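Me: I've got a model open and want to know what the labels on it really rest on. Can we go through them one by one?

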Amino acid sequence: MPIIVAESECFGCALCVLNCPEDAMEITSSFIVAIDEDRCTDCGECLDFCPVDALAEA
Ligand code: SF4
Ligand code: SF4
């Protein structure tokens, strides 16, 4: 299942980016995380690191 970002919640802290084992996340110029769906394996690890629960599985 793809990972969904709640863009109104994400503040670009990058904790998820630093902990993604596939290097599938980056912070955009808008300070919101973006996910490269070609690299993401849907492992779900990033969900555990977001302090504001901005990430969810679709
Ligand atoms: S689900 Fe896994 S591979 Fe995909 S963005 Fe999150 S940590 Fe990275
Ligand atoms: S951990 Fe949460 S708030 Fe921080 S960049 Fe990732 S999605 Fe955004």
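Me: What makes the largest nonpolar core a core, and which residues are in it?
Reply: A nonpolar core is a set of buried Ala, Val, Leu, Ile, Met, Phe, Trp, Tyr and Cys residues joined through C-beta atoms within 7 Å. Buried means 20 or more other C-beta atoms within 10 Å of a residue's own, with C-beta atoms placed from the backbone (12 or fewer is exposed, in between is partly exposed). The largest such set here has 11 residues: Ile-3, Cys-10, Cys-16, Cys-20, Ala-24, Met-25, Val-33, Ile-35, Cys-46, Ala-54 and Leu-55. This is a predicted model, where local features need pLDDT of at least 70 and side-chain atom pairs 80 or more, while totals for chains, interfaces and linings use all residues. Residues are numbered from 1 along each chain as its sequence is written, and chains are lettered from A and ligands numbered from 1 in the order written.

Me: What is Met-25 in contact with, leaving aside neighbours within four places in sequence?
Reply: Cys-16, Val-17, Cys-20, Val-33, Ile-35 and Cys-46. Contact means C-beta atoms, placed from the backbone, within 7 Å.

Me: How do the shells around ligand 1 and ligand 2 divide?
Reply: Ligand 1 has 8 nonpolar, 2 polar and 3 charged; ligand 2 has 13 nonpolar, 1 polar and no charged. Ala, Val, Leu, Ile, Met, Phe, Trp, Tyr, Cys and Pro count as nonpolar, Asp, Glu, Lys and Arg as charged, and the others, Gly among them, as polar.

Me: Why does the radius of gyration agree with a compact globule?
Reply: Taken over C-alpha atoms, the rule is 2.2 Å times the number of residues to the power 0.38. With 58 residues that gives near 10 Å, and the chain has 10 Å, so the two agree. The C-alpha trace spans about 25 × 20 × 15 Å along its principal axes.

Note on methods. Two residues are in contact if their C-beta atoms, placed from the backbone, lie within 7 Å.
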